[in-house]
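Dear colleague,

I am passing on the structure we spoke about, together with notes on what was found in it. Please read the notes with the structure open beside you.

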Amino acid sequence: MLVADVRVFLSVVAAGSLSAASRQLDVAPMQVSRRVAALEEELGVRLFHRTTRSVSLTAEGEAFLPYAHTMIEAEESALAHLKPASSQVTGVLRLTAPSVFGQSIVLAILERLLQQYPGLRVELDVSDSVVDIVGRGFDLALRIAPLPDSDLVARRVAPNPRVLCAAPKYLDKHGKPSTLLELQQHQCIVLQAVPKWPFVVNADIVRRRMEGRVSTSSVGAVRDAALQGLGIAMLAYWDVLPQLRDGSLIEIALSDAGMEQLSVWAVTPSRRYVPARVKVFLQMLETELAKRG
């Protein structure tokens, strides 16, 4: 079985069609089709249901997928051990991150990462949705909370507690709440995915539905609305750290309720071999967070 054929198979899975995979691989669509056909012939099964616009995995394709990942990871691990250090980190690092964290933290380290490893390319998906990293072929997902899914491996990168904050002009006009009850009388900017805000009260998580005239589906929009003085926001520490430091947002502490302690987590598929490109990225990310924190 040719590893090159397996790589093409994984590219088609990630891209969702033969034509999209051919564009990513920069080869003719016919070459992709032939590689997939050769792999199917060798395995003796059909790996994809094909239509004119897209493909989807057959049951046999789903069963083969984890083995395909293992084969590629084993090859990469062997190359990482045997090749000179300067040539270890190559290929495409595919990762997904929450929108604000991805734009403010991940993008900030890419120039240094790519300069240090000229054989590396990065495909960054920025989204507040939880994506299927195995099905879409991601090497890594950065998330704000660990997942209970036993098929994934979660590694804690840095603390990322929730923070209540508001712009000075809002607080000057409406005052700063000091208790949970007072907070509920304020205009709160609600992220639609989290209509009930979690607080720590007597060591227990208590959720309160917050009201306000502004709600949005975007974490970035919540932060921007807070900066404009539209109300009080609950956001994660790394999403508002620059604004807290420059004073454009003021942190609010409640006397009778604490904030939920979250973390930044690096989530990878359950694999024996972690590609060198993932290792060097996480090392650089941890260094950046330690420096900024």
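On a 1 Å grid over the protein atoms alone, a pocket is an open set of points where a 1.4 Å probe fits, with protein on both sides within 12 Å along at least five of seven lines, and its lining residues have an atom within 4 Å of a point. Grid points are joined across faces, edges and corners, and a volume is the space filled by probe spheres set on the points. This is a predicted model, in which local features need pLDDT of at least 70 and side-chain atom pairs count only at pLDDT 80 or more, while totals for chains, interfaces and linings use all residues. Residues are numbered from 1 along each chain as its sequence is written, and side-chain values use heavy atoms, with hydrogens and water left out.

The second largest pocket has a volume of about 690 Å³. Its lining consists of 34 residues, and Asp128, Ile144, Leu191, Val194 and Val219 are those that lie nearest the centre. By class the lining has 24 nonpolar, five polar and five charged residues, where Ala, Val, Leu, Ile, Met, Phe, Trp, Tyr, Cys and Pro count as nonpolar, Asp, Glu, Lys and Arg as charged, and the others, Gly among them, as polar. Among the elements that each supply at least two residues of this lining are β3 (91–97), β5 (140–143), α8 (219–227) and β12 (232–236).

As for the protein overall, there are ten helices and 15 strands, taken as DSSP runs (H or I, at least four residues, for helices; E, at least two, for strands) and numbered from the N terminus. The C-alpha trace spans about 70 × 40 × 35 Å along its principal axes. Of the 293 residues, 45% are buried, which here stands for under 20% relative accessible area, with exposed over 50% and partly exposed in between (1.4 Å probe, protein chains only).

In helix α2 (residues 18–25), the buried residues are Leu18, Ala20, Ala21 and Ser22, and what covers them includes α1, α3 (29–43), β1 and β2 (55–57). Just after α2, aspartate 26 takes a positive phi of about 60°.

Turning to the aromatic rings, those of Phe, Tyr and Trp (its six-membered ring) pair if their centres lie within 6.5 Å, and planes under 30 degrees apart count as stacked, over 60 as edge-to-face and the rest as tilted. By this rule there are three aromatic pairs. The rings of phenylalanine 9 and phenylalanine 48 have centres 5.4 Å apart and planes at 45°, so this pair is tilted. Because phenylalanine 9 lies in helix α1 (residues 3–15) and phenylalanine 48 in strand β1 (residues 48–50), the pair ties together parts that are 39 residues apart in sequence. Both phenylalanine 9 and phenylalanine 48 are buried. Tyrosine 237 and tryptophan 238 form an edge-to-face pair, 5.2 Å centre to centre with 80° between the planes; tyrosine 237 is partly exposed at a relative accessible area of 21%, whereas tryptophan 238 is buried at 5%. Phe9, Phe48 and Phe64 form one aromatic cluster.

Finally, glycine 119 is in the loop between α5 (99–116) and β4 (120–126), and is partly exposed, with a relative accessible area of 38%. Leaving aside neighbours within four places in sequence, glycine 119 is in contact (heavy atoms within 4.5 Å) with Val89, Thr90 and Gly91.
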